[in-house]
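Open the model in your viewer and keep the selection panel at hand.

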Amino acid sequence: MKADEVVHDMLDRQDQIVDRLCAFLRLPSVSTDPAFIGGMRDAQAFLVNWLERIGLSDVQLLDGGGHPAVYGAWNGAPGKPTLLIYGHYDVQPPDPVEAWFTPPFEPTIRGGRLYARGASDVKGSTAIALETIAAFLKVRGACPVNVKVFLEGEEETNSPSLRLIVERYGDLLQADGMISADGSRAHPEIPTINVGSRGIVEFEISVRTADKDLHSGRYGGAVRNAVHEMARIIASLHDEDGAIAVPGLLPVVSSVSVDARAETARFAFDEVAFVKDVGAQAHGEPGFSTRERLTLRPALDINGMWGGYTGFGSKTVISSTAHAKLSLRIVPGQDPDQVSNALKFHLRAVCPPDVELSIDDPGTGSRAFDLPTGHPLVLAAKKVLSEATGQEPILVRLAASIPITVIFQELLGVQTLMFGFALPDEDIHSPNEFFRLASLAEGLSAWPRLLEQIGEYSADEFRSMAIAAEKPLT
């Protein structure tokens, strides 16, 4: 098979690769919490050194006013496609730390699993991508394609600086396509290719009903309670079945294509086990399977709600303020600004006129993502995964949102193939996150063959096929 010598080199050095990944995982690069700024800077320095040792040129930090991205390039394949290689070095906070069996930033191997914050999301797959480039340069002295590595530092905070970085460094980031280490596999045995993901809109709302908190013995039953009012507002967002009840947020059923539903049905998905494994109950929009609700329909969720007294014991108080964080996952055909405005209109309409409502919108919404199924990135991935598994890959959409795909598409005209090797059960964003060592080996086998397969195209052939495959965003 193609790239065998590169694959064998990496698999023979897998212990060394795991050691380097562990060193990466020890760096507490939490982007959302200023207390971890030292860990973020250490991760940037670690990656700059890594890219320089690999042999990349023009290694630098790309600043957009927040946590910078790390960049490096190898342009020694004239006439071949140029690919951006995407990963991110930031991770979620480890909280609650006491729920971890081992320290979150001290990588530990148990039962073929590497436990650490960021192991699955997404330092493990990012390491696979970097090790692949390094192995090509070590074994062959050249890559089959030109590569530009782009490692983001704000993915876990919805990429607030990414648009500015791409706008500021657009000339540097020009490429024919992008392969992302982010975007996990959907199944451990069935080969899947991610051809889309939901978009996202997020904001925080607050209500105020008085100038200060009040004694419930003196004011109870006589004035509005902010927590009550917030509960009423939130209760208006869904109907009894769990479907979104906000006008303008739920696309008509006919907007879901027959092909999309058919492809979704091809993917083996145990709906009962999906909810049972996490101790939950199925609930949501009628008329769709659980998998369809996750990938083809919007989802509106309250991510946090607070107000009043939440400490030990009791405090008979009427809260004057209450707060909630909302996220809305959107699907192709929905515009982030339109749905955001529709949701804000609804919130203001259901809020009583004598209650003060404020909405904090960070403006970081992003569209849903579509990768045309005839794009050369998809065709190359199909061939590689078919040869590796003996099965035809199933095209799937992600339930989550990966803003980089849409941002690079809109600003640079670059399409993205998500080729990460994490699996859905690896407790990302939760205590005891892990990455399977078997997945590491599979990634080290697949990534070189993918780059080799794409390198079969000339740059002109790749671009012509990409243009032919494009379809207008709906």
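## First stop: a buried asparagine

Select Asn225: its relative accessibility is 12%, so it counts as buried (buried means under 20% relative accessible area, exposed over 50%, partly exposed in between, with a 1.4 Å probe and protein chains only). You will find Asn225 in the loop between helix 6 (216-219) and helix 7 (226-235). Helices here are DSSP runs of H or I with at least four residues, strands are runs of E with at least two, and both are numbered from the N terminus.

Which residues does Asn225 touch, leaving aside those up to four places away in sequence? Show Thr209, Ile318 and Ser319 to see them; a contact means heavy atoms within 4.5 Å.

Before moving on, a note on what you are viewing: this is a predicted model, in which local features need pLDDT of at least 70 and side-chain atom pairs count only at pLDDT 80 or more, while totals for chains, interfaces and linings use all residues. Residues are numbered from 1 along each chain as its sequence is written, and side-chain values use heavy atoms, with hydrogens and water left out.

## Second stop: backbone exceptions

Most residues other than glycine have a negative phi, and most peptide bonds are trans. The next selections depart from that pattern.

- Select Asp95 and Pro96: the peptide bond between them is cis, with omega near -5°. Pro96 sits in the loop between strand 3 (82-88) and strand 4 (108-110).
- Go to Asp121 and Val122, which are also joined by a cis peptide bond, with omega about -5°. Val122 belongs to helix 4 (residues 119-139).
- Pick Asn158, which is not a glycine but has a positive phi of about 70°. Its place is the loop between strand 6 (146-152) and helix 5 (162-168), and Asn158 is buried, at a relative accessible area of 12%.
- Now try His429, another non-glycine residue with positive phi, here near 70°. Look for His429 in the loop between strand 17 (416-418) and strand 18 (434-436).

Colour residues 459-469, which form helix 15, and pick out its buried residues: Ala459, Phe462, Ala466 and Ala469. They cover an arc of only 100° around the axis, so they lie on the same side of helix 15; the arc is that of the directions from the helix axis to the C-beta atoms. Turn to the other side of helix 15 to find Asp460, Ile467 and Ala468 exposed.

What do the buried residues of helix 15 pack against? Show strand 3, strand 7 (177-180), helix 12 (376-389) and helix 14 (437-454).

## Last stop: the whole chain

Draw a box along the principal axes and the C-alpha atoms fill roughly 80 × 50 × 45 Å.

Colour by accessibility next: buried residues make up 54% of the 474. Among contacts between residues at least 6 apart in sequence, 80% join residues at least 24 apart.
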